[in-house]
Amino acid sequence: MSPLDISLADLIARLDEELPEANELARISEARLRAQTLSDLGDQLIDHYVSKAKQTGASWTEIGDAIGVSKQAAQQRHAPGPFERYTNLNRHSIVLAQEAARTHKHDSIGTEHLLLGLLGEPRGLAYEVLIAKTGSEQRIRDAIEEAMPPAGQKALRGHIAFRPESKEAIDQARRSAADLGHDWVGTEHALLGLIRTEESPAAQILHNLGCTPDELRETIKTKITKRSAARDNQ
């Protein structure tokens, strides 16, 4: 058993259970996608503790020694990026968006993939808001699948780039958090970023589902207020 209490046998059993009809070649492809997701989550885990170490005053030399790389490599790898203030749930949604692009064999991550990523994180406030508005996760997934570009010929390995409209949506998510006076960027802000990127596929999907930017913003403000009050009363 590994330190995370996850064994290779567990991973194999789950993949076999979820893909009972798949042949061995299909299982290889799926295993590679899952391995990439695990790798991405591992990088995020390290980033989390690098940030914690910096907050306690650790130097880049000390952090590099802990990682096993040079000071310069540690700085380059963990330089502040577009997801610096993203919550763990929101970072996970980005990983899921990348996995969705791979699954559909697309060569870039679009806003429709980002929306799928938010749906894949049911603990996030974005998921709660979307389900409350539409009444059905499947309804949203069907709308996304209908708007998806045709599948490519081959799934990409490694990093998949964001499309320009996805970069804009990520920037709009940060702006939405700032507009609300929040020092974090959660799935709720990512949802606002998507609908504020007006010409994007995700914005069109959300509009077709009956969502508007103002309504989503007010709903999110109300839910955050309620959550804060509930925590204060505990």
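Analyst: Leaving aside neighbours within four places in sequence, Thr111 is in contact (heavy atoms within 4.5 Å) with Glu165, Ser166, Ala169, Leu194, Ser200, Pro201 and Ala202. This is a predicted model, in which local features need pLDDT of at least 70 and side-chain atom pairs count only at pLDDT 80 or more, while totals for chains, interfaces and linings use all residues. Residues are numbered from 1 along each chain as its sequence is written, and side-chain values use heavy atoms, with hydrogens and water left out.

Thr111 belongs to helix α6, residues 111-119; helices here are DSSP runs of H or I with at least four residues, numbered from the N terminus.

Helix α2 covers residues 24-55, and at 1.5 Å a residue its 32 residues should span 46 Å; the expected span is 1.5 Å times one less than the number of residues. The end C-alpha atoms of α2 lie 47 Å apart, which agrees. Buried residues of α2 are Arg27, Glu30, Leu33, Thr37, Asp40, Gln44 and Val50. They pack against α1 (8-18), α3 (60-67) and α5 (88-103). At the N-terminal end, Asn23 caps α2, with a side-chain oxygen 3.1 Å from the backbone nitrogen of Leu25. After α2 comes Gly57, whose phi is positive, near 100°.

Methods:
Helix = DSSP H or I, 4+ residues; strand = E, 2+ residues; numbered from the N terminus. Buried < 20%, exposed > 50% of the residue type's maximum accessible area, 1.4 Å probe, protein only. Polar contact = N/O pair within 3.5 Å; in protein donor to acceptor, adjacent residues only side chain to side chain.
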